[in-house]
Amino acid sequence: MKQHTIYFVAGEVSADNHGAALMRSLRELDPGLKFVGRGGPQMQEMAGKRFKNWISDAAVLGLWEVLRKYGYFREQFHQMVKEILESNPDALVLIDYPGFNLRLARALRRQSRRQKIIYYISPQVWAWNRGRIKRMARSIDLVLCIFPFEADLYNESGLRAVFVGHPMIERLQASKMDGERDPNLIGLFPGSRLREVRKIFPVMIETARLLLQSNPTLRFQVAAASDELAREMGRMLNPDLHPLPSAKGEETRQAPNESQPILARERVTGTPLPLLRGEGRVRGATKPQPIQITVGETAALMQRALAGLVASGSATLEAAYFRMPFVLIYKVAWPTYLAARLVVNVKYLGMPNLLAGKEVVPEFIQHRAQPGAIAKAVRLLMDDARAREQMISEFDAIIDKVGTGEASEKAAQVIIEELGSNLRMKHT
């Protein structure tokens with residue numbers, strides 16, 4: 001019996017997670033499947049050493065980083081096209097990573113129609129350029145969608161699509177735990193990329209200062225996505241630079257490269273912040289530090305905190321899944337923001353709001369990301385039980401729309417069916 005081969009391309013850490021889960025489900029349905037291509041360490045572990053782990057080089061953010069590594073990406077692109085044409089896999093599965101994967105699909109379709117080209121976790125063209133869907137249909141055979149409205153949109157535009165659910169739900173289900181929320185704990189989730197942390201975390205620090213003024217018993221915990229980000233945030237919290245007072249009326253100065261005020265050290269009378277992960281020590285400090293930084297505890301924090309401040313991104317859907325009331329913060333460099341305004345065509349930025357079709361979660365975007373307004377919204381979630389319960393009820397309805405945690409299994413079943421139809425076509 002012929003061993004069927006699938007060529008995968010994943011270029012980011014999250015895609016490596018989803019790709020490995022998909023491979024696992026595919027192997028359960030067909031243990032003889034062979035996996036080749038490029039992804040991360042988890043996919044390589046499933047596929048074997050011939051599968052290339054390129055995530056550390058491929059996962060770049062921003063136009064400048066892409067341009068700086070243009071030669072590398074050009075070389076990888078041509079290598080992949082050559083590998084695919086020579087090895088003739090039964091199908092290609094492209095996972096997210098649209099800047100690279102959409103170009104790869106077009107190049108392959110121009111040269112060959114032998115492979116099924118399947119896109120898993122589709123690019124969010126519905127947000128910035130719906131006209132691209134018809135062009136995508138010329139090179140992609142099937143899109144496996146993680147949101148229900150995506151499948152409707154693609155099918156209406158002539159690109160065959162199937163809704164399989166969000167693979168993130170599988171991971172979150174495994175992280176669920178019992179326990180009560182801490183009424184004095186606020187979770188801070190400033191993002192998973194260095195650039196967004198540098199923009200958003202200072203706003204969160206100042207918001208924490210304002211919240212402490214009205215309630216000195218509050219504690220704040222930061223969920224850092226990596227050790228590198230934890231160190232960067234620790235430097236922002238360095239008591240020699242930006243201590244956090246619990247008293248009102250201090251003079252302020254501006255933090256480097258930021259417009260948000262940070263309190264001057266000379267005027268500080270309250271408890272300073274820790275250096276890193278809540279372990280920093282300050283002469284004369286006897287109380288617990290008001291802000292602690294942890295790594296790898298996002299799910300646990302979302303289930304313990306009474307409320308949260310969350311940077312726009314996948315964490316907003318995680319917070320909704322764990323039923324943590326929160327406010328959304330989004331802040332980038334002004335040129336990036338203005339450029340996005342020209343192309344993005346959605347009413348809301350947060351995925352919970354997009355799925356609900358209304359503002360369930362307050363959004364504080366760019367110039368509206370002011371600590372005073374954010375603190376006021378957080379206080380409402382802390383003090384008004386009805387507001388909290390209403391938001392949680394909306395979250396339950398939103399999560400019901402993104403699947404029951406079987407996305408990898410459903411996606412694998414569809415791919416196996418596609419493999420069967422492709423093989424039948426090859427033999428006719």
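In strand β7, F163 is the bridge partner of C145, in a model that is predicted. Helices (H or I, at least four residues) and strands (E, at least two) are DSSP runs, numbered from the N terminus. Strand β6, residues 142-145, and β7 pair in the parallel sense over three bridges; two strands pair if DSSP finds at least two bridges between them. Both strands belong to an open sheet of seven strands with parallel pairing, in the order β3-β2-β1-β4-β5-β6-β7. The edge strands of this sheet are β3 (52-53) and β7 (161-163), each of which pairs on one side only. Strands of a sheet pair through backbone hydrogen bonds, either parallel or antiparallel.

Residues are numbered from 1 along each chain as its sequence is written, and side-chain values use heavy atoms, with hydrogens and water left out. As the model is predicted, local features need pLDDT of at least 70 and side-chain atom pairs count only at pLDDT 80 or more, whereas totals for chains, interfaces and linings use all residues.

The protein chain holds 19 helices and 15 strands. Of its 428 residues, 51% are buried, where buried means under 20% relative accessible area, exposed over 50%, and partly exposed in between (1.4 Å probe, protein chains only). Contact is defined as heavy atoms within 4.5 Å. Among contacts in the protein chain between residues at least 6 apart in sequence, 69% join residues at least 24 apart.

Strand β13, residues 305-311, is largely enclosed by the rest of the structure, because seven of its seven residues are buried. On one side of the pairing list stands strand β8 (residues 182-189), which pairs with β13 in the parallel sense over five bridges. In this pair, A307 of β13 is the bridge partner of I186. Strand β13 also pairs with β14 in the parallel sense, over four bridges, and G308 stands opposite F326 in β14. Together, β13, α14 and β14 make a right-handed β-α-β unit. A crossover is right-handed if, with the strands pointing away from the viewer, the path from the first strand over the helix to the second runs clockwise.

R323 is found in the loop between α14 (314-321) and β14 (326-330). Its phi is near 60°, a positive value in a residue other than glycine. With a relative accessible area of 39%, R323 is partly exposed. Positive phi also occurs at D96, a residue other than glycine, where the value is near 50°. D96 lies in the loop between β4 (91-95) and α6 (98-111).

P362 lies in the loop between α16 (351-356) and β15 (363-365) and is partly exposed, at a relative accessible area of 22%. Not counting residues up to four places away in sequence, P362 touches F326, V327, L328 and M391. The C-alpha atoms of P362 and L328 are separated by 6.1 Å, although the two residues are 34 residues apart along the chain.

Helix α11 is largely enclosed by the rest of the structure, since 16 of its 21 residues are buried.

T207 is found in α11 (residues 194-214) and counts as buried, at 0% relative accessibility. Leaving aside neighbours within four places in sequence, T207 is in contact with L309, P371, I374 and A375.

A nonpolar core is a set of buried Ala, Val, Leu, Ile, Met, Phe, Trp, Tyr and Cys residues joined through side-chain atoms within 4.5 Å. The largest such core has 94 residues, of which F8, Y120 and F201 touch the most other members. The largest share of this core, 10 residues, comes from α11. Apart from this core lies another, of 31 residues, among them Y7, V81, I84 and L108. Leaving aside neighbours within four places in sequence, F201 is in contact with L188, P190, E196, V222, M233, M236 and L237.
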